[in-house]
Protein chains: 2
Amino acid sequence: MRIEILCTGDEVLTGKIVNSNFSYVSQKLEDVGLSVIWGTTVGDDRGMLLEAFRLASARADIVIVNGGLGPTVDDLSQEIAAEAAGVGLVLNEDWLATMEGFFTRRGRTMPPNNRKQAMLPAGSEVLDNPIGTACGFALDIGKARFFFTPGVPREVRRMLEEQIIPRLLARAGTPGIIHLKRFHSYGLGESHVDQLLDGVEALVPDGSVKLGFRAHYPQLETKLLVRGVDRDDVEIKLAPVMAEVRRRMGNFILAEDDQTLEGVLLAGLQRADKSLAVVETYTAGGIVARMAHLPGAEAVFRRGVVSRAESRDAASVALEAATQAGATTALAVIISVDDGPDRMDLGGSIDIGIADGGAVVTRQARILGGREWIRLGAIEMAMDCLRRFLQGLPIDERSDFERR
Amino acid sequence: MRIEILCTGDEVLTGKIVNSNFSYVSQKLEDVGLSVIWGTTVGDDRGMLLEAFRLASARADIVIVNGGLGPTVDDLSQEIAAEAAGVGLVLNEDWLATMEGFFTRRGRTMPPNNRKQAMLPAGSEVLDNPIGTACGFALDIGKARFFFTPGVPREVRRMLEEQIIPRLLARAGTPGIIHLKRFHSYGLGESHVDQLLDGVEALVPDGSVKLGFRAHYPQLETKLLVRGVDRDDVEIKLAPVMAEVRRRMGNFILAEDDQTLEGVLLAGLQRADKSLAVVETYTAGGIVARMAHLPGAEAVFRRGVVSRAESRDAASVALEAATQAGATTALAVIISVDDGPDRMDLGGSIDIGIADGGAVVTRQARILGGREWIRLGAIEMAMDCLRRFLQGLPIDERSDFERR
């Protein structure tokens, strides 16, 4: 199945906004085993849109169009879709009623120009948008099936997951269901994990489990894509592979699926009835920024202190911070970056201290890779140390990113 | 002049990385008055690349190709460019020597596979890359001029500015030079500034000054694009318009051109020989993250404290913070967000205090727009208050983002 993503809108074409919808949609399709072969970006221009629809319909089996479903005159997707398909626009009474309800619930009257959003090409299949007024729709243009989606990120994301991916999998004739299992780790490089996990796919002999990676330094995501006839089949296939991945990656797995490192930390602190103070140098508040805004953080997070210079060691700083903030636990990260201009082999020495109940543990490391690389690495290493501490795991297992 | 941007690479096509090169290049071209009409994204696939080159050469006058110039086997741009142009690949001895020098200066020997990066389609014009081994080049394919650029962001950015834009402006027959003047503001919406600046373009009667905007909440960028025969001509044209923009936007202009709000604050503190402490609630260290990593910040920045809950007012907190941190000046931001689920009309009350030399000034405001909107708005408002304070301007001028 050849899939094209066609992004529309002057704001995207002129670079006023970065096109994160494209990468999001493409990635989500990859995650269920579908591949995008082509991407097109055009502005809010009738001629260009028509030409883009024509080319895509000749090139692909499936075209996902993003943007151009709004109420204003420069939103042209429905109109050009109808023209390309050689049909007229028809008022969809159901969607009109849905929109009117949307406004009524907010105590407002629907502006007249929103009516345009319920005008769909004749013969379209509606794709529900439960969180906005832009109605998605699917339509054949030439030999390709087009799926039209709104430009608002949270709307296209939901429509993709709930409406489009199930239809694509059905069309692809994929037997049963597809499940993506994800493991998040810090400290092991992609090629290292690839070696570590050599042969795990073969634990399911029918080839229905596929291993993949997504590296976004400092974390690595390890993915298992599983096909099965139903949920039970998927679980049976996945169980031995999951167990083996957990065994081989061991303490380096910091979270799974939608969990995040910061979420795991917060949950660990909450479970143990602990409170936290953080002292950071050089990381410019990167740890605090990851944690302090989380729901529930106010009950756990006592204080974050960011300073540039610190002459003491992380152990003393952590002990003092816990006392001063009245927290059960404190995490201190003291970084000393080498002198000289920023460069690929610039190094930094990292001193991490975790104070808890009057005792303190520490971890020292050295990272090479330039200022931003050191900063990001130190944030992740410090947070992962705290995770390991809270989970009773060794905090000094050697990571691939260190030089000694 | 019809310009197309053609991005290549599996990592971009599959969404592993967000394509920020596309928006960067497009925006930079817009900034000099050139418009992109089409964007294409394909993977590292011979057939798709050839088809994309063929389509682009028929559609555009200028095609900027990004990516595929690396040393590995999946970097195909030179090879497919040669095929599309119907020419062979020729070793460029000059670039080979440049690359060898690049490695020698780093005390290394050039790996043999880098030689591939000096193989260019016959008849290519070299586009210098002073910071990498990927040689850029320009070549006619069909009726279009193609410019091939490396995928590494800092390399394509520099090549665009130094090599490509001057060539495009020369081809476009743009008389003389183009200059972009930028003003950054906080507190005025785009339509408000558009009204305020009504008629400023007409101060230069020959139509050579064009007004534009780029809104990235909470800041707004106001742009003046000026064409002139030479630098003097540009300066003469720009002077009265710049003066008028400054007069009408007044204290809301927080920085110009490449200046940033955080840079202006740091410079203002340095000039006045002041040191700073910051206390933030709810903004999760957003102010500290903007300032603490700047070069020179270590001499000014005393301490940043991030906490979730604060029962006192910003004035008391700021006074105490200055004393505790031993700083001449302290900025405190206390935010109280309304209860209930996140929604577009959720509000937050912001209390800002600036302590300086034992005295304190405050500013209160209320913003509606949901949690993230409030968080971003409060960071900007607090930093802008500090700028106004340091510059001796009123800190309580009403912004468009407030509700009273």
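Which residues of helix H4 (residues 77-85) of chain B are buried? Ser77(B), Gln78(B), Ile80(B), Ala81(B), Ala82(B) and Ala84(B) are, where buried stands for 20 or more other C-beta atoms within 10 Å of a residue's own, exposed for 12 or fewer and partly exposed for anything in between, with C-beta atoms placed from the backbone. This is a predicted model, in which local features need pLDDT of at least 70, side-chain atom pairs count only at pLDDT 80 or more, and totals for chains, interfaces and linings use all residues. Residues are numbered from 1 along each chain as its sequence is written, while chains are lettered from A and ligands numbered from 1 in the order in which they are written.

**View 1. Helix H4 of chain B and what follows.** The buried set in H4(B) includes Ile80(B) and Ala84(B). Just past the end of H4(B) comes Gly86(B), with a positive phi of about 70 degrees. Helices (H or I, at least four residues) and strands (E, at least two) are DSSP runs, numbered from the N terminus.

**View 2. Chain A in outline.** Chain A carries 12 helices and 17 strands, and its C-alpha atoms fill a box of roughly 75 × 55 × 45 Å along the principal axes. Of its 404 residues, 45% are buried.

**View 3. Strand E8 of chain A and its neighbours.** Strand E8 (residues 144-149) of chain A is mostly covered, with 5 of its 6 residues buried. Strand E3 (residues 62-66) of chain A runs parallel to E8(A), joined by 5 bridges, and here Val63(A) sits opposite Phe146(A). Strand E7 (residues 136-141) of chain A is antiparallel to E8(A), again with 5 bridges; Phe137(A) faces Phe148(A) across that pair. Strands count as paired if DSSP finds at least two bridges between them. The E7(A)-E8(A) hairpin leaves 2 residues between the strands, and Gly142(A) there takes a positive phi near 60 degrees.

**View 4. An open sheet in chain B.** Four strands line up in the order E10-E11-E9-E12 of chain B, with antiparallel pairing. At the edges are strand E10 (209-216) and strand E12 (253-256) of chain B, each pairing on one side only. From one strand to the next the twist averages 25 degrees, taken from lines fitted to C-alpha atoms (for helices over the stretch in contact), with angles from 0 to 180 degrees between N-to-C directions. Inside the sheet, 10 bridges hold strand E9 (residues 177-186) to strand E11 (residues 219-228) of chain B; Ile177(B), for one, stands opposite Gly228(B).

**View 5. Where the two chains meet.** On chain B, 38 residues are in contact with 38 residues of chain A, contact being C-beta atoms, placed from the backbone, within 7 Å. The elements giving two or more residues to this side of chain B are helix H2 (20-31), strand E2 (36-42), helix H10 (286-291) and strand E14 (301-307). Strand E2 (residues 36-42) of chain A joins E2(B) through 3 bridges, antiparallel, and Gly39(A) has Thr41(B) as its bridge partner.

**View 6. How the copies are related.** A rotation of 180 degrees with 0.1 Å of shift along its axis superposes chain B on chain A (RMSD 0.1 Å), by least squares on the C-alpha atoms of residues with pLDDT of at least 70 in both. That's the relation of a two-fold axis. The copies meet through the same surface, because 100% of chain B's interface residues are also interface residues in chain A.

Key: Two residues are in contact if their C-beta atoms, placed from the backbone, lie within 7 Å.
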